[in-house]
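Trainee: I have a model open and I'd like to learn how to read it. Could you take me through a few features?

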Amino acid sequence: MKALRNYLDKIKPHFEEGGKLQAFRSVFDGFETFLYVPNATSRKLGTHIHDAIDSKRIMSIVVIALIPALLFGMYNVGYQHFKAAGIEGSFMELFMYGFLAVLPKIIVSYGVGLGIEFMVAQWKKEEIQEGFLVSGMLIPLIVPVDCPLWMLAVATAFSVIFCKEVFGGTGMNIFNPALVTRAFLFFAYPIKMSGDQVWVAGKSILGMGADVDGFTAATALGQASTSTTGAYPEFSWDMVTGLIPGSIGETSLIAIGIGAILLLWTGVASWRIMLTVVLGGAVAGCLFNTFGSEANAMAQMPWWQHLCLGGFAFGAVFMATDPVTAARTNTGKYIYGLLIGFMAIVIRVLNPGYPEGMMLAILLMNIFAPLIDYYVVESNISRRAKRLSTQSK
């Protein structure tokens with residue numbers, strides 16, 4: 001590592017102002033910051049507070065927490081393909097098929113997103129922020145495996161430019177960039193984001209698997225939303241382990257739970273938001289089970305089964321807890337999480353056209369998060385003012 005450090009110090013002058021490669025200064029700075037902690041610090045005197053954790057460490061922890069869902073998602077992609085093709089395969093064959101199917105999406109997500117951020121940083125003569133390290137990993141995990149790469153590239157570019165950079169970059173966006181990417185795909189290319197044919201990879205890869213023609217595999221939520229008999233899929237442990245059709249990283253409760261434990265143990269994510277999202281979803285599910293079970297199959301589905309399916313768990317752990325777009329006061333986090341969980345189930349049940357629900361619920365509450373915090377702060381000020389007035393009397 002010392003040799004690499006010395007090499008970077010040697011070539012660094014070429015990328016600084018006046019150097020022959022100054023046009024790529026932001027790229028070099030971003031690469032150096034990714035490898036090493038910057039040696040520039042704030043003033044040693046004054047009111048500056050130095051924390052043991054910075055944005056790069058936070059983003060790195062979230063990426064590590066996503067790895068279990070990513071690895072299982074790769075295996076499940078292979079599992080679903082081999083199952084659809086009616087052929088047997090070893091664990092490594094299934095995993096390698098999924099790895100080769102998912103890897104291009106990760107490359108496109110990071111290539112397009114980071115490429116735009118590099119260009120904007122160079123144009124504005126600013127440092128490259130670490131925010132897209134997480135978004136670049138989230139985007140491939142929340143799309144169907146059969147989503148075309150060019151669509152993913154267009155949606156990622158739209159999200160980074162119009163959801164992030166126009167607001168000022170990392171830490172300034174009001175919507176979660178990964179969810180905006182999925183929303184763009186959902187509304188611009190609905191055929192590739194819903195239906196029965198997008199959840200299973202249909203082509204063989206490097207001789208692995210086999211071409212699958214005409215195979216359909218709806219998700220459990222998709223089956224319930226289109227049911228004409230009021231029947232919903234019965235619970236199975238595959239809904240917990242994740243061996244069901246769905247977006248790449250959203251199917252396994254176990255893998256998502258491992259990531260949640262890491263985020264909570266390190267203090268990166270808010271337990272208040274995670275807990276209240278689940279409580280909000282459970283309350284909405286119970287209400288529909290009790291009073292609205294005649295509406296449709298979604299309303300009849302047990303509340304706990306709602307929490308196991310779709311992107312509910314993934315959204316509660318990795319999306320709703322985004323510190324930039326979520327509520328920031330402790331009381332606000334309770335309100336924010338409860339409304340997300342409640343709205344996700346309401347959208348699922350009352351609008352069969354959006355059986356997922358979680359995406360729209362989080363984006364909706366991203367809008368209201370600042371308002372929630374505002375009224376929480378105003379309430380605290382009012383309460384303290386009244387207490388002070390009482391004491392003075």
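Mentor: Start with how two helices lie against each other: H3 and H10 are roughly antiparallel, where an angle over 145 degrees counts as roughly antiparallel, under 35 as roughly parallel, 65 to 115 as roughly perpendicular and the rest as oblique. The model is predicted, so local features need pLDDT of at least 70 and side-chain atom pairs 80 or more, while totals for chains, interfaces and linings use all residues. Residues are numbered from 1 along each chain as its sequence is written, and side-chain values use heavy atoms, leaving out hydrogens and water.

Trainee: At what angle do H3 and H10 pack?

Mentor: An axis is a line fitted to C-alpha atoms, for helices over the stretch in contact, and angles run from 0 to 180 degrees between N-to-C directions. Here the angle is about 170 degrees, with the axes of H3 and H10 (residues 253–266) 8 Å apart. Helices are DSSP runs of H or I with at least four residues, strands are E runs of at least two, and both are numbered from the N terminus.

Trainee: Which residues of H3 and H10 meet?

Mentor: Contact means heavy atoms within 4.5 Å. On the H3 side you'll find Ile 61, Val 62, Ile 64, Ala 65, Pro 68, Ala 69 and Phe 72, and they meet Ala 255, Ile 258, Gly 259, Leu 262, Leu 263 and Thr 266 in H10. This contact of H3 with H10 has eleven nonpolar residues, two polar and no charged. Ala, Val, Leu, Ile, Met, Phe, Trp, Tyr, Cys and Pro count as nonpolar, Asp, Glu, Lys and Arg as charged, and the others, Gly among them, as polar.

Trainee: How do H3 and H4 cross?

Mentor: The axes of H3 (residues 55–85) and H4 (residues 91–124) come within 7 Å and cross at roughly 115 degrees. That makes H3 roughly perpendicular to H4.

Trainee: Is Glu 165 buried or exposed?

Mentor: Buried means under 20% relative accessible area, exposed over 50%, and partly exposed in between, using a 1.4 Å probe and protein chains only. Glu 165 has 16% relative accessibility, so Glu 165 counts as buried. Look for Glu 165 in the loop between helix H6 (149–164) and helix H7 (177–188). Beyond its neighbours within four places in sequence, Glu 165 touches Glu 117, Val 120 and Val 160.

Trainee: And what about the whole chain?

Mentor: The chain has 16 helices and zero strands. Of its 393 residues, 48% count as buried.
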